[in-house]
Amino acid sequence: MAFTPARVAPARRAVLLLGPRDRASRAAFAPARPPNADGPHRARAGKGRRLLPAPLLSAPRTVPPAPGRPRRTARQAFAPLGRPAFRRYFAARLLSWTGTALAPVALAWGVLGLGAGAGGLGVVLAADTAPQLLLLLVGGVVADRWPRTRVLTVTNLACASAQATAALLLGTGAVAVWQLAGLAAVCGTAAAFSVPAGSGMLPDLVPGALRQEANALLKLAQTTVKVGGPALGAAVVALTSPAWVIGWDAVTFTGAAFLLAGLRLPARTEGSRERGAGFRAEFADGWAEVRSRRWFWALVLQSSVVVPLWLLGYQLLGPVYGQRELGGLAGWGLVAAGFAGGLLLGAALALWWQPARVGVVSCAGTAVLALPLSLMATGGSAPALAVAAGVTGAAGALSTVVWTSLVQERIPADRLSRTLSYAALGQLAVLPFGYLLAGPATRLLGLHTTLGAAALLIALAAVLPLLLPDVRGLRAHRAE
């Protein structure tokens, strides 16, 4: 299971498909060889001569470690940052995340400060989510059809305008819930296009040999910001006002748009627009990519079950359990800290180690999500839950990075955004229903039983895809 996925060309089995860009990447990372490398080399040793194989005389400068072996040096782990295009993209994403991590706290306090209560906040959040449900597939087609840097630049500018307007309204006090909901809908619409575009960018930025490291660096940076962002946002709101935090979010969107606008990437010559395909045909191509790969749609179905159950059990019912069983905020805060530490550890581990059996690792990382929920179902203590949450965070972050890298490896770059938009929609579509059913389920079954049922369903959904040989046999293939 992956919280954030990637794409592929038609084939019944899980096979490595290398397009022109992939072959170029492989050539770029091939070790330098002498002119007569195809034959044996003669080396002098004292009086006599002996034949030595080429690799003994011409060692490559950098050889990506084979799947399943740990990274040896920090230089290899951080190699993507040595590429100017990725470095610029990384800076843009990191800047944008610093605003996005702080903004939810400010938005919540801004809406509640109007006296709108939980109902008003729900309206604003729904206005942000609804456009994504409606437009994600369209966004995937657009991101594959036009340059992704242009899509990301425009969407960042749209969010900057919306957040700047919200900050101005909150700062002057002349604001209503419907206005904030409308501005949230603008950001939600932009997200429907930026999410597929962002998820398809890496194949244009780094070769296959560095893709897992690049994904791990992005995951590590995002997690670091998300861990500290809410607390910092709350502190800034307490010292100033929600308007200042929302205004900072607008500034970060603007800065990210500036960085992305200056990003120069090679044109995607195999793109669908060059083939003259229409939107309907491109939708069909995206669906064909999903349907033709059993391993892909099996794991997408898995995530569409597991992600809502996890969010329901951990994010929604977890604080309720903390209030009832752990003594309130302090106890649940310990669990949340354990989970955050695990996320950081898992992202760091992905920098140094690439598992060979990607399908098994992905499903195992998904199964671990059941651990904290099962402990809560049996009345687990705060320290035990903190440890379980840490293990869960580490396993989830690692499996997400290796899964994302695999999809970027297997799915052609010109269809990647479309394919991943189906995966994102699968996770998002059932989430509102899960939130709506959480209350009735808890009242009917009780908190502990509901958490236990969610843990059981997660465990089942995690292991069922392993019944397919396509999933069990998924292996990483690093370009060399």
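Predicted model: local features only at pLDDT ≥ 70, side-chain atom pairs only at ≥ 80, totals over all residues.
Let me start with helix α17, which covers residues 416-429: at 1.5 Å a residue its 14 residues should span 20 Å, and since the end C-alpha atoms are 20 Å apart, the expectation and the model agree. The expected span here is 1.5 Å times one less than the number of residues, and helices (H or I, at least four residues) and strands (E, at least two) are DSSP runs numbered from the N terminus.

Residues are numbered from 1 along each chain as its sequence is written, and side-chain values use heavy atoms, with hydrogens and water left out.

Taken as a whole, the chain has 20 helices and two strands, and buried residues make up 50% of its 480 residues, where buried means under 20% relative accessible area, exposed over 50% and partly exposed in between, with a 1.4 Å probe and protein chains only. Coming back to α17, 13 of its 14 residues are buried, so this helix is largely enclosed by the rest of the structure.

Next, the charged pairs. Side chains of opposite charge can pair when their charged atoms come close. The structure holds seven salt bridges, a salt bridge being a side-chain nitrogen of Lys or Arg within 4 Å of a carboxyl oxygen of Asp or Glu. One of them joins Arg418 to Asp144, with the closest N and O atoms 2.8 Å apart; this pair links distant parts of the chain, as Arg418 belongs to α17 and Asp144 to helix α5 (residues 117-145), 274 residues apart. Both Arg418 and Asp144 are buried, and they belong to a network of salt bridges that also includes Arg148 and Asp204.

A further salt bridge is formed by the side chains of Glu289 and Arg415, at 2.6 Å from N to O. Because Glu289 lies in helix α11 (residues 279-291) and Arg415 in the loop between α16 (382-410) and α17, the pair ties together parts that are 126 residues apart in sequence. Glu289 and Arg415 are both buried.

Which residues does Thr149 touch, if we leave out those up to four places away in sequence? They are Met201, Leu260, Leu263 and Leu265, with contact meaning heavy atoms within 4.5 Å. Thr149 sits in helix α6 (residues 148-172) and is buried, with a relative accessible area of 14%.

Helix α6 packs against helix α10 (residues 242-261) at an angle of about 160°, with the axes 8 Å apart; axes are lines fitted to C-alpha atoms, for helices over the stretch in contact, and angles run from 0 to 180 degrees between N-to-C directions. That makes α6 roughly antiparallel to α10, given that angles under 35 degrees count as roughly parallel, over 145 as roughly antiparallel, 65 to 115 as roughly perpendicular and the rest as oblique.

Finally, helix α12 (residues 294-325) and helix α19 (residues 447-463) pack at an angle of about 155°, with their axes 9 Å apart, which makes α12 roughly antiparallel to α19. Among the residues making this contact are Leu309, Trp310 and Gly313 of α12 and Leu451, Ala454 and Leu457 of α19.
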